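Hi,

Here is the model I promised to pass on. Have a look at it first, and my notes follow below.

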Amino acid sequence: MSNSTLKTVIVLDPETQEYKPEAHNLTADAAVELVNRLSEDNQKARVVDQKDRHRSSDLSKCKLCKQAAESASEEQPEVTAEESDSESVAT
Ligand SMILES: [Zn+2]
């Protein structure tokens with residue numbers, strides 16, 4: 001179906017702690033598959049919804065991907081080793 005949301009996959013660069021684009025214009029299935037493959041490779045990948053199809057065929061020149069990666073990097077706080085247990089026991 002043509003109106004399904006396209007996805008961008010971004011990967012966290014362990015050296016800079018910033019996200020960088022890995023792929024774009026993916027279907028949801030392809031995006032999940034890619035993230036799984038990357039996580040098997042110990043890479044932190046994220047899927048970002050695209051508003052529109054990215055026109056740039058060259059990922060490194062795609063401004064929309066760059067923006068997605070940058071905003072993800074910004075919302076990412078300092079990554080510490082300890083995972084915060086979500087102990088929200090609201091009963
Ligand atoms: Zn893109």
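Buried residues account for 18% of the 91 residues in the chain (buried means 20 or more other C-beta atoms within 10 Å of the residue's own, with C-beta atoms placed from the backbone). Bear in mind that this is a predicted model, where local features need pLDDT of at least 70, side-chain atom pairs count only at pLDDT 80 or more, and totals for chains, interfaces and linings use all residues. Numbering starts from 1 along each chain as its sequence is written.

On to the fold. From the N terminus, the elements run β-β-α-β-α, with helices (H or I, at least four residues) and strands (E, at least two) taken as DSSP runs and numbered from the N terminus.

The three strands make an open, antiparallel sheet in the order β2-β1-β3; strands count as paired if DSSP finds at least two bridges between them. At the edges sit β2 (18-26) and β3 (45-49), each pairing on one side only. From one strand to the next, the twist averages 25 degrees (axes are lines fitted to C-alpha atoms, for helices over the stretch in contact, and angles run from 0 to 180 degrees between N-to-C directions).

Strand β1 (residues 7-13) pairs with β2 over six bridges, and V9 stands opposite A23 in β2.

Helix α1 (residues 28-40) packs on the sheet and touches β1, β2 and β3, where contact means C-beta atoms, placed from the backbone, within 7 Å. Its direction makes about 15 degrees with that of β1. Helix α2 (residues 63-75) also packs on the sheet, touching β1, β2 and β3, at about 140 degrees to the direction of β2.

Cheers

How values were computed: Buried ≥ 20, exposed ≤ 12 C-beta atoms within 10 Å, placed from the backbone. Contact = placed C-beta atoms within 7 Å.
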